[in-house]
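Please look over the model below before reading my notes. They are brief and can be checked point by point.

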Amino acid sequence: MKLGRAVRGSYLSLVFVFLYAPVAVLIVFSFNAAKSRSVWGGFTLEWYRKLFSNAEILSSLRVTLIVALLSAAIATLVATVTCIGLDGLTKRRRAVVMNLTYVPIVNPDLVTGISLMLLFVFLQLPLGFVTLLLAHVAFNIPYAILSILPKMKQLDRHLYEAALDLGAKPSQAIARVILPEIMPGVVTAMILTFTLSIDDFVISYFTSGASVSNLAITIYSMARKSVNPQINALSALMFLTVLVLLLVVNFRSNRDLGKTKEGRTR
Amino acid sequence: MAEGTRPILELVGVNKSYGDTQVLTDISFPIRSNEFITLLGPSGCGKTTTLRILAGFERPDSGDVLFEGASLLDVPPFKRRLNTVFQRYALFPHLDVFENVAFGLRLRKTPEAEVKARVAAALKTVDLDGYGKRWVDQLSGGQMQRVAIARAIVNGPEILLLDEPLGALDLKMRKEMQIELKDMQKRLGITFVYVTHDQEEALTMSDTVVVMREGVIQQVGSPTDVYNEPRNAFVADFIGESNILPARMEKDFEIAFAGHRFACVDRRRAEADVDVVVRPEDIVLAPPVEGGLNGVVTSVVFKGVHYEMIVECDGTEWMVHSTDQAAEGDRAALVFGPEDIHVMDRSPFSPDAHGILPADLAGRAARASADEGDPDR
Amino acid sequence: MRLRWLAYPYVLWTVVFTVAPLLLVAWFAFTAVQPDGSSAFTLDGFRSIVAGDRVPLDLLGLQEVFGLTVGVPLYVNVFVKSLQIALLSTLACLLFGYPAAYLLARRRARQRGGTDLLLLLFVIPMWMNALLRTYAWLALLEPNGIVNTVLAAVGLPKGQFLYNDFGIGLGMVYNYLPFMVLPIYSVLVKVDRSLVEAAEDLGADRRRVFTRVVLPLSMPGVMSGVNMVFMPAMTTFLIPNLLGGGRYMLIGNVIERQYMIARDWTTASALSIVLLVFVLASMRFMTRYEKGNEGGGVLL
């Protein structure tokens, strides 16, 4: 039995080494004084300093953040409104809408990116910031809908009627009853779509054109050109950001869990 | 019964269907001021849909809803002067008890002091003093029920709609709440429109009962009316235990069923083929007599107050309630008086006539019920 | 609720941003821009797929072992090669991922409540940019990279890990392993403990509890894991472009180059359609067996 546990433990450890070794190497070599991806030449913060004065990276970081924030906000808004409406559709129509919603999720990113590029070309929209934003909104909405819809389904549909019954106009009933009830889903949708937008490379690659590039595209072109430890520094920072974000989300959901468990008392 | 008082609300020829399913057919009945009226029927009978039309959540396909004589159809729910107590309470989980009750008042921008006073009064009415700061998920079913009622009555509605409000409570709680609700209705002096599938609840609480089945009103009347004078076999069967048999009435005060002729208190009707209902508690078991309705006791179950016995006479099972116990296998005669025989019109719900009518009548009765019968059945 | 009109703007949106783009891919696949700027119907795109230059079929080097060479059109060869790599990567993910999912689920079953920190650790790399994850392997595997440095240090010969099937496959396994582990994990943690106990009670030993009860019950997770790995593996262009050094061709980066560099949109769109149909058909084939499964597809 002891042996079994050792084998199991070491198997999981090996998997984690496999998962984290590349990340660890990236981070360690972001402090490497030598401009090499494998030879250690002493500790330096040079690459971080260069990173923060690299205009190309900073501008693409700005693009990434703006696109992520805007697309997450727009997608979440559209998804919230849509989910509230979806509940009232007949089963058949809802099924049609939901199938359309699944299409971008099921489609390979490659095809989604290409098809959106063709759409923009067809509409004679010059590829740039606007098309990049539209594309991100387009692939974010389905994920936002899938985050909010379960909350909407849990919602007792009589709550809306109860609000009307007590004298609330439909807009007041949405603001005072439906929104507070589905808020957790809306927040999840915001965080998820923001992360997806930051993480996306493939769809951005096809829809941003030559004039605008976000972080992913900049990294891609840098990585193909030559060894550049600034990428390592950037990776380390992004890893840290993701780590913090995930811990926050996780903490939040654990806290919510605790709240319902202990019972809420004021 | 509140005869004579003015109708405050009236349904006129209301029809409603969802897709191909007709859920309400020609529903018309008045609701009088200050009465306790109950829509009673099995699930799927359209009682909840009727209530939702009154509340304004559904719009009838045709027909009208009149409030003090004026049509309500184009008045949205939030402008109607009636409030609803929902089946599963529909309390707002993100608000505490106080804010749930205050919801309607706040929408009307009521001054804070008045909100406090009226919410406190409403909570007092439902016996929930001091529960204002609780969250709704900390309440028991009965307490949630009370909050739902307080939330509705705090707005001073003229009519309160209640959709199976006691359905989720256990039996003991339900009995207590029945009395309390009835009491509250009298104290508040407002009209209650109550939906339930529980016939006992309906009889206990109501001034008027509307019996519905598959979207059609079967009978409107006081609890004693619908119990003692059910209009058809469905009502008789749904309201209370009953023995329902096809019968034939050739002349006034005489009726034939179960292979025998009996004296009765009714005159002959337009149709000779009728149904009769004899309530189990109206039947007395006596020693068998020649020419009487004799049978064999096949089952005896003690029900607490009385015994429920099944007596088989010529292939028909009769249910008899009595405080006197018989033994299984006993032979006995069923005895009941002319006033215990309630005569009803034939309807699609009439029992099968074969072997129960005197031989010469059976054929005709069967034909009659086949003609009237619902082709779906 | 009478709020259904709130869903209508989105319906319009999906028509423009979901349906129309896909129709456009089809439209471009069947048309070619004429010298005068107009578009005309053509089947050239599909024709070039089946009738391109003939090259020897690449079966992961096996053709040299058995000495057979089959001539196939260029694009067919790329397609077959992509399929091989994607299938092998999926298989590798399954072989390495299932035990990991099983062990994680066992841990989870023992400690009730809260989130398993190990699971969280497992998820974190997945939330990092795929680009960076792939880039990291570049540093490890390059000819003078860390792996080779370590090999040299212990006296082993250096290996060539990049720009070949091994490098690409490794990149895929690394990138997509969590997509295999998570669906299997989420099905396994839901397996009712009493089913295992019932099997033991009926005399099954541990091996048979696994093969007769746990494994069949986890099949929906396996299916959706296979789907979630196979699809991106079949369509990626990032991994061959970064780890293939610009010479390694899979269907994903062939399509990308056709659009972005060669600008032969007719052929590129035709290839996209063939790829999409193939991927969706294989997905349909797999999901046929997972009825009403909601266990898969959990990302967070």
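This is a predicted model: local features need pLDDT of at least 70, side-chain atom pairs count only at pLDDT 80 or more; totals for chains, interfaces and linings use all residues.

1. Chain B falls into two domains: domain 1 spans 7-228 and domain 2 spans 242-372. Their C-alpha centres are 39 Å apart. Five residues of domain 1 of chain B and four residues of domain 2 of chain B make the contact.

2. How much area is buried between domain 1 of chain B and domain 2 of chain B? The figure is about 410 Å², with 43% of it from carbon and sulfur atoms. On the side of domain 1 of chain B, the residues that lose the most area are Arg213(B), Tyr227(B) and Asn228(B). Together they account for 85% of what that side buries.

3. The interface of these two domains of chain B has zero salt bridges. Three residue pairs are in polar contact between them. Helix H7 (residues 223-228) of chain B gives the most to the domain 1 side, with three residues. By class, that side has two nonpolar, two polar and one charged residues.

4. Arg146(B) sits in helix H4 (residues 141-153) of chain B and Glu180(B) in helix H5 (residues 171-188) of chain B, so the pair ties together parts 34 residues apart in sequence. Arg146(B) is buried, at 11% relative accessibility.

5. Asp183(B) pairs with Arg187(B) in a salt bridge, at 3.6 Å between the closest N and O atoms. The two are about one helical turn apart, because they are four residues apart in helix H5 of chain B. Asp183(B) is partly exposed at 41%, while Arg187(B) is exposed at 52%.

6. Arg346(B) lies in the loop between strand S20 (342-345) and helix H9 (359-372) of chain B, and Asp275(B) lies in strand S14 (residues 273-278) of chain B, 71 residues apart. Separately, salt bridges that share partners join Glu161(A), Lys16(B), Arg52(B) and Glu58(B) into one network.

7. Finally, see Arg257(C), in helix H12 (residues 251-262) of chain C. Arg257(C) is buried, because its relative accessible area is 19%, under the 20% cut-off. Beyond its neighbours within four places in sequence, its contacts include Arg224(A), Asn241(C) and Met249(C).

Technical notes: Residues are numbered from 1 along each chain as its sequence is written. Chains are lettered from A and ligands numbered from 1 in the order in which they are written. Side-chain values use heavy atoms; hydrogens and water are left out. Domain bounds come from an automatic or database domain assignment. Contact means heavy atoms within 4.5 Å. Buried area is the accessible area (1.4 Å probe) that two parts lose on being put together, summed over both. A salt bridge is a side-chain nitrogen of Lys or Arg within 4 Å of a carboxyl oxygen of Asp or Glu. A polar contact is a pair of N or O atoms within 3.5 Å; within protein, one must be able to donate a hydrogen and the other to accept it, and residues adjacent in sequence count only if both atoms are side-chain atoms. Ala, Val, Leu, Ile, Met, Phe, Trp, Tyr, Cys and Pro count as nonpolar, Asp, Glu, Lys and Arg as charged, and the others, Gly among them, as polar. Buried means under 20% relative accessible area, exposed over 50%, partly exposed in between (1.4 Å probe, protein chains only).
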